[in-house]
Amino acid sequence: MVNGVTSSQVSAAYSAYTGTAKVNKDTAADSNSTGTPASDVAATYEPSTEGAAAAKKYTQNTELINQLKLDAETRTNNLQTLVQKLMSQQATTYGNATDIWSFLREGNFTVDPETKAQAQADIAEDGYWGVNQTSDRIVSFATALTGGDPSKLDSMIDAFKKGYAQAEKTWGGELPEISKKTYDAVLEKFNELKKEYGLIDEA
């Protein structure tokens, strides 16, 4: 016995040491060249293919683009048609109220008193064909056609102007004063909308 340690204890300690050393050696043999244990080799990094998919060349959806263009054209055409009809009807109603048709048709046409009275009521300031209601209908319809997109207001304004010009052709010249006032009212309401959306300065 040396310092209280028997030979049998030394022998047991040596056996434990050599067993541990063997385990460490076997583990090292199973490691890869970087010293990573074999059990970790299964977690090796594989290059992702997402980058290749993301880099796929963009192809233009021609069918969708053409459909959007057609929708936009349809919207503006609808407004032009509406404006032409409204302005023409307003002018006709105005003509009935003022007997202007008698002049235009060389005296071959007269308006009966009942029709004239109704026409006068319709073109009054608060009448159905008056400046306020007619301009409101045009702007409301145009706003609905934008689908809530303020950037489309300018195209609606252009459509309104074209529709008004078509109404003048139908009428055979400049539209009556009430129609001109309606034209100005429509443009003013469009400008107010653009101010609300911040598209033009308030000044």
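**Entry 1: K194 and D154**

I started with a pair of side chains: K194 and D154 meet in a salt bridge, 2.7 Å from N to O. I then checked where the two sit. K194 is in helix α8 and D154 is in helix α7 (residues 153-171), so this pair ties together parts 40 residues apart in sequence. A note to myself: this is a predicted model.

Next I asked about K194: buried or exposed? K194 has a relative accessible area of 12%, and the cut-off for buried is under 20%, so I put it down as buried.

How many salt bridges does the structure hold? I get four. I looked up K189 as well, which forms one with D136, and their closest N and O atoms are 2.6 Å apart. Here K189 belongs to helix α8 and D136 to helix α6, so the pair ties together parts that are 53 residues apart in sequence. I checked the accessibility too: K189 is partly exposed at 24%, and D136 is partly exposed at 38%.

Then I went to K195 and E192, whose side chains meet in a salt bridge at 3.8 Å, N to O. Both are in helix α8, three residues apart, so about one helical turn separates them. K195 has a relative accessibility of 22% and counts as partly exposed. E192, at 39%, is also listed as partly exposed.

A reminder on the background: side chains of opposite charge can pair when their charged atoms come close.

**Entry 2: how α6 and α8 pack**

The K189 and D136 pair sent me to the two helices themselves. Helix α6 covers residues 131-146 and helix α8 covers residues 177-196. Their axes come within 9 Å and cross at roughly 45 degrees. Are they parallel or oblique? At that angle, α6 and α8 are oblique to each other. I also noted the handedness of the crossing, which is right-handed.

Which residues make the contact? From α6 I listed V131, N132, T134, S135, D136, I138, V139, A142 and T143. From α8 I listed I178, K181, T182, A185, V186, K189, F190 and L193. I sorted the contact by class and got nine nonpolar, five polar and three charged residues.

Notes. Residues numbered from 1 in each chain as written. Predicted model: local features only at pLDDT ≥ 70, side-chain atom pairs only at ≥ 80, totals over all residues. Heavy atoms only, no water. Axes fitted to C-alpha atoms, helices over the stretch in contact; angles between N-to-C directions. Helix = DSSP H or I, 4+ residues; strand = E, 2+ residues; numbered from the N terminus. Parallel < 35°, antiparallel > 145°, perpendicular 65-115°, else oblique. Left-handed = near helix turned anticlockwise from the far one by under 90°. Contact = heavy atoms within 4.5 Å. Nonpolar A, V, L, I, M, F, W, Y, C, P; charged D, E, K, R; others polar. Buried < 20%, exposed > 50% of the residue type's maximum accessible area, 1.4 Å probe, protein only.
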